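Subject: Structure handover and findings

Hello,

Here is the structure for your work. Please open it first, then read the notes below.

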There are 2 protein chains.
Amino acid sequence: MNIGDVADLSGLPAKTIRYYEDIGLVEPLRSANGYRSFRQSDVHKLAFLGRARALGFTIEDCRSLLKLYADTDRASAEVKQIAEEHLDRIDRKIAELTEMRATLSHLVDACAGDHRPNCPILADLAMEEDKTRTARAAD
Amino acid sequence: MNIGDVADLSGLPAKTIRYYEDIGLVEPLRSANGYRSFRQSDVHKLAFLGRARALGFTIEDCRSLLKLYADTDRASAEVKQIAEEHLDRIDRKIAELTEMRATLSHLVDACAGDHRPNCPILADLAMEEDKTRTARAAD
DNA sequence: GTTGACCTTCCAGTGAATGGAACCCTTATG
DNA sequence: CATAAGGGTTCCATTCACTGGAAGGTCAAC
């Protein structure tokens with residue numbers, strides 16, 4: 001199979017597939033004309049990669065997961081550990097974003113968003129003292 | 001003030017401050033010895049940048065925000081629009097991560113995580129048909 | 001005068017692709 | 001036969017926001 005077909009099947013852009021070959025995640029054969037020639041197993045691997053990346057696993061995680069997948073003797077504990085670490089990363093990221101969101105939406109709500117120059121968003125970023133408000137801690 | 005002091009005051013690494021000068025966000029003066037010489041206004045700007053970045057605004061957002069901050073005639077609507085677009089980005093990111101989290105934690109829960117090779121996480125990534133389960137749609 | 005803590009510039013690398021240029025291969029059609 | 005369309009190939013640059021490191025200049029204290 002040529003790269004275009006594999007791209008269609010796996011949902012990955014051809015460019016990404018070439019990149020995955022570059023970094024050693026897949027090793028397609030080559031046809032006489034120099035075209036990459038993908039086996040079923042390559043397509044399967046790429047689809048696996050697509051799903052793992054969609055879950056946010058890093059490329060290095062993916063490399064490990066592929067290795068574990070290929071090793072039918074692996075302990076599921078090894079896989080679970082990678083997944084749990086990733087879950088932690090996700091949780092930390094969500095917490096970080098949620099905090100940003102809270103602060104930001106607070107500021108957005110406080111901003112009139114009209115033609116006038118007065119802007120609580122800029123005031124906060126500049127840490128200006130605002131006499132019309134009481135202590136920030138009271139928020 | 002030298003870069004080290006500004007780094008301490010603003011909480012930004014010296015390297016980052018130099019980078020911000022590189023891309024034109026601050027323009028400190030220079031002392032006779034070639035050292036950067038920061039005014040109060042530079043320090044203030046950098047602290048502003050630090051807070052804006054902590055809220056996840058992109059560097060280009062920061063550039064715009066600084067420009068608006070400097071323009072005392074700006075309409076708060078301009079600021080609010082930038083903030084609202086960023087809030088949308090954050091919301092989309094949180095939604096994406098939350099979905100990943102749901103799928104992943106589901107898989108992690110299903111995995112025994114012991115010495116045995118059977119692993120629902122890998123099975124899912126590989127889209128293996130699992131005779132012990134009924135259709136995935138039933139999940 | 002020498003140590004050590006500063007400061008300087010410049011170059012390279014991060015992650016995970018993505019865009020583009022320049023060129024080759026295959027097949028169909030005028 | 002020429003050529004045009006639509007594959008494919010490689011290689012280089014760019015993205016974002018820094019961060020690390022090397023090689024060297026400056027300054028204050030001892």
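A salt bridge here is a side-chain nitrogen of Lys or Arg within 4 Å of a carboxyl oxygen of Asp or Glu. By that rule the structure holds 16 salt bridges over all chains. Please keep in mind that this is a predicted model.

**How the chains relate**

Chain B can be laid on chain A by a turn of 180° and a shift of 0.0 Å along the axis, with an RMSD of 0.0 Å. That is the relation of a two-fold axis. Which residue of chain B comes closest to the rotation axis? Ile94(B) does, with its C-alpha at 3.0 Å.

The copies meet through the same surface, because 100% of the interface residues of chain B are also interface residues in chain A.

**The interface**

The size of an interface is often given as the accessible area lost when the parts come together. Between chain B and chain A, the buried area is about 4400 Å². Carbon and sulfur atoms give 72% of that area. Chain A puts 52 residues into the contact, and chain B puts in 52 residues.

Now the polar side. There are 22 residue pairs in polar contact between chain B and chain A, with both residues at pLDDT 80 or more. On chain B, the elements that give two or more residues to the side touching chain A are helix H3 (40-54), helix H4 (59-70), helix H5 (76-110) and helix H6 (120-125). H5(B) supplies the largest share, 21 residues. By class, this side of chain B has 29 nonpolar, twelve charged and eleven polar residues.

**Salt bridges between the chains**

How many salt bridges cross the interface of chain B and chain A? The rule finds two. One of the 16 salt bridges in the structure pairs Arg101(A) with Asp91(B). Asp91(B) lies in helix H5 of chain B and Arg101(A) in helix H5 of chain A, so the pair joins two chains. Asp91(B) is partly exposed, at 29% relative accessible area. Arg101(A) is also partly exposed, at 28%.

**Salt bridges within a chain**

Side chains of opposite charge can pair when their charged atoms come close. In chain B, Arg36(B) forms a salt bridge with Glu21(B), with the closest N and O atoms 2.4 Å apart. Arg36(B) lies in strand E2 (residues 36-37) and Glu21(B) in helix H2 (residues 14-22), so the pair ties together parts that are 15 residues apart in sequence. Buried or exposed? Arg36(B) counts as buried, at 18% relative accessibility. Glu21(B) is buried too, at 19%. The cut-off for buried is under 20%.

In chain A, Glu21(A), Arg30(A) and Arg36(A) are linked in a network of salt bridges. Arg30(A) counts as partly exposed, at 46% relative accessibility.

Asp42(B) is found in helix H3. Asp42(B) is buried, with a relative accessible area of 4%. What does Asp42(B) contact, leaving aside neighbours within four places in sequence? The partners are Val26(B), Glu27(B), Pro28(B) and Ser37(B).

Leu107(B) sits in helix H5. Leu107(B) is buried as well, at 7% relative accessible area. Not counting residues up to four places away in sequence, Leu107(B) touches Pro120(B), Ile121(B) and Asp124(B), along with Leu55(A) from chain A. Leu107(B) and Phe48(B) are 59 residues apart in sequence and 42 Å apart in space, C-alpha to C-alpha.

**Backbone angles to check**

Most residues other than glycine have a negative phi. Met127(A) has a positive phi, near 55°. Met127(A) is placed in the segment after helix H6 (120-125) of chain A. Met127(A) is partly exposed, with a relative accessible area of 47%. In chain B, Met127(B) has a positive phi of about 55° although it is not a glycine. Met127(B) is found in the segment after H6 of chain B. Met127(B) is partly exposed, at 44% relative accessible area.

Best wishes

Definitions and conventions. Residues numbered from 1 in each chain as written. Chains lettered and ligands numbered in written order. Predicted model: local features only at pLDDT ≥ 70, side-chain atom pairs only at ≥ 80, totals over all residues. Heavy atoms only, no water. Contact = heavy atoms within 4.5 Å. Buried area = accessible area lost by both parts, 1.4 Å probe. Polar contact = N/O pair within 3.5 Å; in protein donor to acceptor, adjacent residues only side chain to side chain. Helix = DSSP H or I, 4+ residues; strand = E, 2+ residues; numbered from the N terminus. Nonpolar A, V, L, I, M, F, W, Y, C, P; charged D, E, K, R; others polar. Least-squares fit on C-alpha atoms with pLDDT ≥ 70 in both. Buried < 20%, exposed > 50% of the residue type's maximum accessible area, 1.4 Å probe, protein only.
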